[in-house]
Every structure is written in C-alpha cells, then in structure tokens.
Amino acid sequence: MNAFSSPHVSSTVVREKLRTGEEIALFDLREEGPFAAAHPLFAVNLPLGRIEERLAGLAPRRDAPIVIYDDGEGRVAKALPIFRRLGYTHVSALAGGLEGWRNSGGEIFIDVNVPSKSFGELVEHERGTPSLPARELYERLERGDDLVVLDARRFSEYTTMSIPSGRSVPGAELALRVRGLAPSPQTTVVVNCAGRTRSIIGAQSLINAGIPNPVFALRNGTIGWTLEGLQLAHGETKRAGDVREDDREAALQGAISLAERAGVRLIDAAGVAELAEDTARTLYRLDVRSPEEYEASHLAGFRSAPGGQLVQATDEWVGVRHGTIVLTDDDGVRARMTGHWLRQLGWNEVYVLTDWSDLPRESGAEPTPLAGPLPDVRFVSVKDLSERAEPFVIDLATSPEFRKRHVPGSHFAIRSDVEEIFGKIGARKIVLTSPDGLAARLAAPEFEAQGFDVEVLEGGLAAWIAAKLPVEAGLTPEAALSEPNDVYKRPYEGADNSAAAMQAYLEWEFGLIAQLERDGTHGFRVLKG
C-alpha cells in the first residue's frame with residue numbers, strides 16, 4: 001500500500017523517505033516564531049494563512065507527496081480543505097503532529113534554514129575551512145595589510161551593518177568577481193556574513209574554485225566582531241565592479257571542474273522541456289543571478305533565487321526534498337558554483353542550463369506564483385479610504401512590515417487568527433490591506449465568512465504610499481489583534497541584538513553536527529579537497 005494513501009503518515013515513514021531519496025514535502029503550518037522554536041530538520045515553514053501565496057512556488061507539482069503538521073493548534077484540519085481546493089491530491093497529516101515526531105525519536109531543531117546552517121558546520125568540520133578571529137582581522141586592517149573583506153550576504157543585509165572596509169559580494173558572486181577585487185595572488189581574502197554559514201561557504205567556495213590567494217572566513221561574522229567590542233559600519237554601498245573577460249574565463253574553468261566533480265549535469269532547452277513533462281517529477285527552475293539582473297531580463301518560467309541565498313536558505317524556494325533543480329545564469333560560473341553546493345546538500349538531480357539561445361525571455365520583478373485563482377472582492381480606492389472618518393483597517397502585512405509603516409490607525413492581524421480575533425474587532429465593516437493588496441484579497445472571503453462587511457484597499461499600502469499619503473510606524477499593543485509571532489527575530493540580523501542572544505546563537509550552531517548525526521536523514525556529502 002502506498003504510504004500516502006491514508007490521511008495520516010507516521011514519522012517513521014517520513015524519515016525513511018528522506019533517507020532513501022524519494023520526493024517528499026514536510027510543511028509546518030504554524031507561524032515562523034513557533035516554527036523556529038521546534039521543528040524537524042527538513043520541515044518547511046508554510047503558515048496556514050500564507051498557503052495560497054507560497055504553496056505553488058514551494059510545491060509546483062500538484063500530486064507531489066506532501067505531509068503537513070502543527071503542534072495541536074488545529075491548523076491541519078483547516079489546511080486540508082485548502083490543499084484540496086487548490087488541486088493538491090497527495091496530502092497527508094503527520095501522525096501525532098510535532099509531538100508525534102518527538103515521541104517517535106525524531107530529532108528537533110530550532111532556528112530557521114537549519115539544513116543549510118548545519119551543512120555549513122559540517123563543511124568547516126570536514127574541510128578545515130580557515131578562519132580569522134575578529135580581533136586579528138581588526139589588527140590587520142589597522143596595520144593596513146594587503147587584504148580585502150568580502151561580505152557574502154544580501155546587499156540589504158550588508159547596508160544595515162558591515163565590517164569596516166567590507167564590500168558587498170553575495171555568495172554566488174564570489175568566485176566570479178574575486179579576481180577583480182584581489183588581483184594580486186598575495187592579497188588575503190576574508191569572507192564574512194552575520195554569523196557563520198555564509199562566511200564558511202563563501203570562503204570554501206573560493207578555496208574549492210582554486211584561487212591562489214590566502215582565503216579565510218571571518219570567524220563568527222559580524223556577531224563575532226560585535227562580541228569583541230568592535231564597531232560595525234552602517235549604510236555602506238560598496239559593490240564589486242564589472243567582471244573582465246579574462247577573469248570570467250578563469251572563474252569559468254574552475255566552476256566547470258567543480259561542477260563536474262560534484263556531479264552537476266548540463267542540460268539544454270529540450271532537456272528542460274522533457275523534465276517539465278515528467279509528471280512524476282517536481283521541477284524547480286531557478287535563476288541564480290542578482291535580483292537586478294533578473295528584473296532586467298530572465299528566461300520565462302524561471303524564478304529569481306540568487307545563488308548565495310539559495311544555498312543559505314534552500315527551503316525558501318524548494319519545498320519538496322529530493323525534487324529536481326535546474327539552475328541558470330548568463331556567465332556559466334554562478335549556476336555551476338551554486339549547483340556544486342546543492343549537490344553536496346543532498347540534492348541528487350541538479351542541472352545547469354547554459355544556452356539561452358532562442359528561449360523566450362521576460363523582464364520585471366517575479367510575480368507571486370499563486371496556487372489558485374484570486375477571489376472576487378469589493379475594492380475601495382486610496383482616495384475614498386483617505387476621506388473616510390475613522391475606518392477600521394486591518395493590515396495583513398508581516399509584523400516587521402507593519403512596524404516599518406502602515407496606514408494610520410490600522411490594526412495588525414494574522415490571517416489565520418480570524419476566528420480568534422473576532423471579538424477584538426470593534427466594527428462589522430472593515431477594510432483589509434497588505435503591502436501590495438494580494439494577501440488582503442486572498443483573505444477577504446474568510447473575514448466575510450465570519451460576518452464582516454469587507455472591502456480591500458486597491459493596490460494595498462503600495463498604492464497608499466504612491467499617493468503620498470501619510471503613514472505610521474510601530475506596533476503598539478492596542479494595534480495588535482494578533483500576537484506578532486509570524487516572523488522569527490534572527491539573532492544575526494539587524495543592529496540591535498543582545499550579546500547574550502548572539503552568544504547563544506553561536507553556541508547553538510556549534511552543536512549542529514551532533515544533531516545531524518542523531519537525526520540521520522540529511523544525506524549531506526562534503527566534496528573532498
């Protein structure tokens with residue numbers, strides 16, 4: 001009997017599929033805060049109120065084997081009809097939920113993007129990735145030593161806080177651009193992130209690629225720098241410049257060798273089309289270039305997944321473990337470098353599409369890949385809303401987005417809390433909004449089902465801002481209809497983290513290898529030197 005033919009699947013069956021390489025998605029329906037407090041290694045966070053927005057991207061095949069769970073909050077029962085309505089036919093509940101996983105001997109992990117973080121620790125352990133402590137880097141910079149500091153995070157993270165003199169070179173860009181930033185083989189290259197993973201993976205990428213320079217990870221990243229009492233820079237905008245052709249060719253030769261060693265396969269357009277027609281395969285088509293390059297021009301059907309972030313947070317794009325991944329770029333380097341890491345992360349089917357000839361292209365930002373049609377709703381214009389006296393506005397933005405700015409007087413709510421917050425809403429006529437209006441439109445029928453007279457702000461907060469209307473910032477207790485636990489506060493992001501939280505985060509990372517051994521489902525295989 002197929003293990004997914006019944007409405008419930010045991011933790012034992014899930015772990016066996018993870019170990020044997022069969023496709024399986026394990027979705028946690030709670031908000032990110034509770035998810036980060038406890039979950040299985042390969043669980044992917046898919047909050048109940050965000051299913052329509054995220055499911056199609058995470059699980060594009062409607063009959064992929066999917067297992068969903070919560071921790072006794074009743075979200076599974078509410079989610080099953082949504083999956084069925086969206087056409088997903090192979091969905092089961094995890095027997096006993098999170099507690100059942102724990103009671104069956106399943107390992108429990110904390111934080112987010114844990115597969116990638118634990119893999120980074122394994123890479124450092126097995127490859128002996130060199131690292132510099134923060135104080136030594138500081139002293140070298142003070143002496144004026146011949147070195148460059150390359151920040152492997154997203155540009156937005158780099159501008160928030162960075163190592164003085166550091167330059168933004170997101171992870172997948174490192175091997176392509178390092179030669180232009182450190183043209184002398186004697187120049188020391190130090191790669192940093194906020195914590196450990198992207199520092200380790202970035203430094204090891206350059207070592208794997210065979211650059212002649214001394215290469216180090218900044219030990220513990222900006223966290224280590226801060227704990228040493230050193231000052232970070234803020235608001236920096238330094239990026240790498242254009243790549244010279246001879247540098248690109250040198251980077252390409254190294255990437256080709258690495259990809260071949262790791263088992264990454266090349267594929268052409270016909271091969272991609274053949275994969276897409278395979279009804280037993282979940283296919284992900286990902287463009288690993290920068291978001292700016294993607295928006296300027298990209299292949300139709302490919303999502304934007306900058307390579308460094310894809311390795312750091314694979315579960316934000318790929319929801320079905322052991323699915324098939326096709327990567328592409330326009331230089332031949334970044335996709336191969338990304339692919340060689342994904343193979344080591346246990347993805348068996350990784351391809352690189354190198355020839356864009358005669359393939360259809362598009363431009364612009366990637367639209368949200370919705371899993372179903374948009375509901376019909378009643379819209380209210382920005383002008384009409386702005387002229388109303390004390391409307392009751394509910395904003396379904398994430399809590400950080402709400403704190404940053406919202407329509408004055410609006411209330412923060414999590415969509416899946418609609419039944420629980422009914423009594424807190426002091427009006428039957430409400431206006432729903434969200435950053436671009438999409439989440440509000442998707443949620444409108446659920447609020448209507450509770451008896452509310454619902455309108456949706458057309459264009460969402462973006463339209464309100466475009467009209468140059470005033471906004472508020474902050475999230476007061478009075479404005480919170482829901483507990484703001486929808487986004488986990490990372491100890492390595494932002495500039496206001498406590499020393500105790502940062503130290504605890506580092507100590508947690510140091511223990512990940514032992515957790516991997518106890519878990520036994522990861523399938524990681526670190527490429528030897």
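Before counting what each element gives to a lining, I note that helices here are DSSP runs of H or I with at least four residues, numbered from the N terminus. I also keep in mind that the model is predicted.

**Entry 1**

Two or more lining residues come from each of α10 (197–209), α15 (307–312) and α16 (334–344), and α10 provides the largest share, namely five residues. Sorted by class, I have seven nonpolar residues, eight polar ones and one charged one in this lining.

For the second largest cavity I noted about 150 Å³ of space and a lining of 14 residues, of which Phe-42, Pro-115, Asp-315, Arg-321 and Trp-347 lie nearest its centre. The classes in the lining of the second largest cavity are nine nonpolar, three polar and two charged residues.

**Entry 2: helix α4**

Next I turned to α4, residues 75–85, and asked which of its residues are buried. I listed Arg-75, Val-76, Ala-79, Ile-82 and Phe-83. Viewed down the axis of α4, these buried residues fall within an arc of 120 degrees, and therefore they line one face of the helix. For the reasoning I recalled that an α-helix has 3.6 residues a turn, so residues three or four places apart point the same way.

On the other side of α4 I found Ala-77, Arg-84 and Arg-85 exposed. The cover over the buried residues of α4 includes β2 (25–28), α3 (51–58), β4 (66–69) and β5 (91–94). I also recorded that Gly-87, which follows α4, has a positive phi, near 90 degrees.

**Entry 3: Asp-111**

Last, I located Asp-111 in the loop between α5 (97–103) and α6 (114–127). Is Asp-111 buried or exposed? I count Asp-111 as buried because its relative accessible area is 2%, where the cut-off for buried is under 20%. Leaving out residues up to four places away in sequence, I noted that Asp-111 touches Phe-35, Ala-36, His-39, Lys-117, Tyr-488, Pro-491, Tyr-492, Tyr-505 and Trp-508.

Note on methods
Residues are numbered from 1 along each chain as its sequence is written. This is a predicted model: local features need pLDDT of at least 70, side-chain atom pairs count only at pLDDT 80 or more; totals for chains, interfaces and linings use all residues. Side-chain values use heavy atoms; hydrogens and water are left out. Buried means under 20% relative accessible area, exposed over 50%, partly exposed in between (1.4 Å probe, protein chains only). Contact means heavy atoms within 4.5 Å. Ala, Val, Leu, Ile, Met, Phe, Trp, Tyr, Cys and Pro count as nonpolar, Asp, Glu, Lys and Arg as charged, and the others, Gly among them, as polar. On a 1 Å grid over the protein atoms alone, a cavity is a set of points where a 1.4 Å probe fits but cannot get out, and a pocket is an open set with protein on both sides within 12 Å along at least five of seven lines; lining residues have an atom within 4 Å of a point. Grid points are joined across faces, edges and corners, and a volume is the space filled by probe spheres set on the points. The arc is that of the directions from the helix axis to the C-beta atoms.
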